[in-house]
Amino acid sequence: MSLTGKYSVGVLLTFTVLAAAMLYGFSAVTMITGVKGITEVNFFLSRIPLWIILIIVFLYTVFIEKSTFLLKEEKRYPIAFYSKAVLSLYCICLIGGGILNAAIQFFTQEKISDKLLNLVPIFRNNYFLAIFTCLTAAMVEEFLMRGYVQSRIEKIYSNPTVGIIISSVLFGILHSTYGTVSQVLGPFLIGIVFAVFYKRYSNIKILIICHFMIDFIAMMMMNFIDIKHLSVF
């Protein structure tokens with residue numbers, strides 16, 4: 001198999017197993033533990049498969065592709081650049097997401113995701129679970145969707161724009177398990193912003209930090225106010 005073929009299989013494998021984990025991970029944990037309903041322990045355990053998937057994809061790059069996990073060499077920047085980049089990305093996603101959600105509400109009168117509402121109580125004042133969940137989303141999703149999928153698709157089609165668009169579409173689809181349009185288009189928008197940044201600056205660490213910050217701030221706000229469509233994890 002050619003290297004391009006291996007990249008194609010890797011992208012398909014990554015998306016398939018991620019989608020399966022998001023669709024059936026919690027149900028599988030419930031069956032194993034025998035504890036029904038959304039509990040802190042069950043949700044914590046449902047995040048473990050995501051780390052396993054990251055390890056599997058890493059091993060795939062080493063033993064099948066025989067290449068480095070990150071095809072783009074990480075660029076180093078001054079500390080001040082990290083602060084400005086994270087803040088800028090956060091503001092862009094916050095403002096863009098707010099406008100997008102307002103437009104969706106105007107045209108569809110969409111209700112809050114039931115799945116999201118059911119998750120809110122287990123995160124309330126549970127800082128360990130919130131941090132672990134946000135860290136899992138930030139590291140697993142950025143390494144896989146930007147670090148792995150985006151760069152492989154770019155190589156397959158020899159076109160960075162295709163890599164940006166397809167990886168963002170897949171990122172949005174992965175969040176369709178929340179059952180609302182907002183929870184698909186919101187991540188798609190963030191995927192576009194992050195993918196463009198990654199193409200331009202080749203620094204996955206900044207994206208991980210910003211992704212963590214977006215989710216963690218959203219969860220902390222859930223402790224104090226009831227606001228629609230905060231989470232993007």
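Start by selecting Ser158: at 65% relative accessibility it counts as exposed, since the cut-off for that label is over 50%. This is a predicted model, by the way, so read everything on this tour as a feature of the prediction. Ser158 sits in the loop between helix 5 and helix 6 (160–174). Check its backbone while you're there: phi is near 55°, a positive value in a residue other than glycine. Why does that deserve a click? Because most residues other than glycine have a negative phi.

Now go back along the chain to Asn125. You'll find Asn125 in the loop between helix 4 (114–123) and helix 5. Asn125 isn't a glycine, yet its phi is positive, at about 65°. Is Asn125 buried or exposed? With a relative accessible area of 54%, Asn125 is exposed.

**Zoom out**

Show the whole chain as a cartoon. How many helices and strands are there in the protein chain? There are eight helices and zero strands, so if you colour by secondary structure and read along the sequence, you get α-α-α-α-α-α-α-α.

Draw a box along the principal axes, and the C-alpha atoms fill roughly 50 × 40 × 35 Å. For 233 residues, a compact globule would have a radius of gyration near 17 Å; this chain has 18 Å, which agrees. Colour by accessibility next: buried residues make up 47% of the 233.

**Into helix 5: Arg152**

Select helix 5 (residues 127–157) and pick out Arg152 within it. Is this arginine buried or exposed? Arg152 has 0% relative accessibility, so it counts as buried.

Next, show what surrounds Arg152. Skipping residues up to four places away in sequence, Arg152 touches Tyr7, Val11, Thr61, Glu65, Ser67, Thr68, Phe69, Leu71 and Gly147. Tyr7 and Val11 in that list fall within helix 1 (residues 3–33), while Thr61 and Glu65 fall within helix 2 (residues 40–65).

**Helix 2 against helix 5**

Angles under 35 degrees count as roughly parallel, so that is the label for helix 2 and helix 5. Helix 2 passes helix 5 in a left-handed crossing. Colour the contact by residue class and you get 18 nonpolar, three polar and four charged residues.

**Helix 1 against helix 2**

The axes of helix 1 and helix 2 come within 9 Å and cross at roughly 160°. The cut-off here is over 145 degrees, so helix 1 and helix 2 are roughly antiparallel to each other. Their crossing is right-handed. By class, the residues of this contact divide into 16 nonpolar, seven polar and two charged.

While helix 1 is up, select Thr30, which lies in it. Thr30 has 17% relative accessibility and so counts as buried, the limit being under 20%. Which residues does Thr30 contact, leaving aside its neighbours within four places in sequence? They are Val35, Lys36 and Asn42.

**Last stop: helix 3 and helix 8**

Finish with helix 3 (residues 79–108) and helix 8 (residues 204–222). Their axes come within 9 Å and cross at roughly 50°. That makes helix 3 oblique to helix 8, and the crossing is right-handed.

- From helix 3: Phe81, Tyr82, Ala85, Val86, Leu89, Tyr90 and Cys93.
- From helix 8: Lys205, Ile206, Leu207, Ile209, Cys210, Met213, Ile214 and Ile217.

Colour this contact by class as well: it has 14 nonpolar residues, no polar ones and one charged.

Key: Residues numbered from 1 in each chain as written. Predicted model: local features only at pLDDT ≥ 70, side-chain atom pairs only at ≥ 80, totals over all residues. Heavy atoms only, no water. Helix = DSSP H or I, 4+ residues; strand = E, 2+ residues; numbered from the N terminus. Buried < 20%, exposed > 50% of the residue type's maximum accessible area, 1.4 Å probe, protein only. Contact = heavy atoms within 4.5 Å. Axes fitted to C-alpha atoms, helices over the stretch in contact; angles between N-to-C directions. Parallel < 35°, antiparallel > 145°, perpendicular 65-115°, else oblique. Left-handed = near helix turned anticlockwise from the far one by under 90°. Nonpolar A, V, L, I, M, F, W, Y, C, P; charged D, E, K, R; others polar. Rg over C-alpha atoms; globule rule 2.2 N^0.38 Å.
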